Amino acid sequence: MDNKKFDTLLDTIQVYLSQFRQQFDLVSKRLKTAPEGSIKILRKGRRIELYHRTCKSDREGTYLNKAHLTLAKNLAQKDYDLRAAKILAKKIKLLSPLEKAYPQNELEQLYERYPQKVQQLIKPLTLSKEEYCKQWESVSYKGLPFDEKAPPYTTDKGERVRSKSELIIANALFHSKVPYRYEYPLQIKGIGEFHPDFLCLNPRTGREVLWEHFGLMDDTTYRNNAISKLAKYSEAGFIPGKNFIYTMETSTTPLNSRFVKKVILESFA
């Protein structure tokens with residue numbers, strides 16, 4: 001599989017900044033309703049004693065026993081939140097200038113400044129995400145043959161698939177603008193040549209992701225084969241949530257488009 005990755009440093013910075021800012025807002029909100037004073041922690045051998053200090057001059061504080069459990073929890077949380085706020089503020093301060101200063105898409109824009117006739121003479125270091133996705137999806141290949149008696153399920157992209165569930169997945173990928181190749185031949189360690197249902201390309205990161213759908217999980221033989229296939233995928237380095245998606249259904253629990261759209265949102269957003 002292609003290990004192409006886009007330059008996602010800015011995306012990563014923005015994700016972390018958003019997370020840190022949300023966490024900072026959360027602890028700041030909690031600190032507004034925190035009790036007065038602070039907690040003092042004394043370690044006496046293996047025993048821990050907690051005290052409530054109401055001001056800086058109160059060096060000893062009031063001992064907190066089991067009857068003061070709620071106050072002890074609130075003071076401990078306050079102490080944690082104060083320390084966390086300092087750490088988060090430092091992280092935000094470090095990353096905010098990077099977010100503003102990081103030069104985005106400079107190499108892609110360099111290539112695109114050339115006339116199309118000149119672009120054909122150049123082998124760029126990197127393509128724009130859009131151009132790379134377009135080229136990736138346009139690769140020609142020979143898929144598996146269809147039985148003449150098989151139902152003709154045709155996707156909105158104009159391709160033929162083997163089942164109603166695969167039609168749901170293919171259409172959801174297409175309308176979510178996630179490039180995919182249906183039953184694309186791959187050489188997979190421990191399996192050999194294989195045709196996974198969908199080989200997808202994350203349009204944000206440039207990473208390839210396999211998607212297998214197991215549609216006959218009522219059938220014992222089919223189910224055992226599916227479990228064996230999942231084990232082989234795992235041994236070959238395809239990990240669910242990382243570079244592998246699998247969905248399943250039975251006759252009583254069919255695949256639905258709402259669930260598929262949620263999977264796509266979580267996997268490719």
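A crossing of two helices is left-handed if the near helix is turned anticlockwise from the far one by less than a right angle, and right-handed if clockwise. The model is predicted: local features need pLDDT of at least 70, side-chain atom pairs count only at pLDDT 80 or more, and totals for chains, interfaces and linings use all residues. Residues are numbered from 1 along each chain as its sequence is written, and side-chain values use heavy atoms, leaving out hydrogens and water.

**View 1. Helix 6 crosses helix 8 (residues 257-268) in a right-handed sense.** Helices are DSSP runs of H or I with at least four residues, strands are runs of E with at least two, and both are numbered from the N terminus. The axes of helix 6 and helix 8 lie 10 Å apart, at an angle of about 45°. Axes are lines fitted to C-alpha atoms, for helices over the stretch in contact, and angles run from 0 to 180 degrees between N-to-C directions. The two helices are therefore oblique. (Under 35 degrees counts as roughly parallel, over 145 as roughly antiparallel, 65 to 115 as roughly perpendicular and the rest as oblique.) Helix 6 brings Ile168, Ile169, Ala172 and Leu173 to the contact, and helix 8 brings Ser257, Val260, Ile264 and Phe268. Contact means heavy atoms within 4.5 Å. The residues here are 7 nonpolar, 1 polar and no charged. (Ala, Val, Leu, Ile, Met, Phe, Trp, Tyr, Cys and Pro count as nonpolar, Asp, Glu, Lys and Arg as charged, and the others, Gly among them, as polar.)

**View 2. Four strands form an open sheet in the order 6-9-10-11.** Its pairing is mixed. Two strands pair if DSSP finds at least two bridges between them. Strand 6 (180-182) and strand 11 (244-248) are the edges, each pairing on one side only. From one strand to the next, the twist averages 20°. Strand 10 (residues 208-214) runs parallel to strand 11, joined by 5 bridges. Trp211 has Ile245 of strand 11 as its bridge partner.

**View 3. Helix 1 (residues 9-32) packs with helix 2 (residues 69-101).** Their angle is about 150° and their axes are 9 Å apart. Helix 1 and helix 2 are therefore roughly antiparallel. Their crossing is left-handed. The contact has 15 nonpolar, 4 polar and 6 charged residues.
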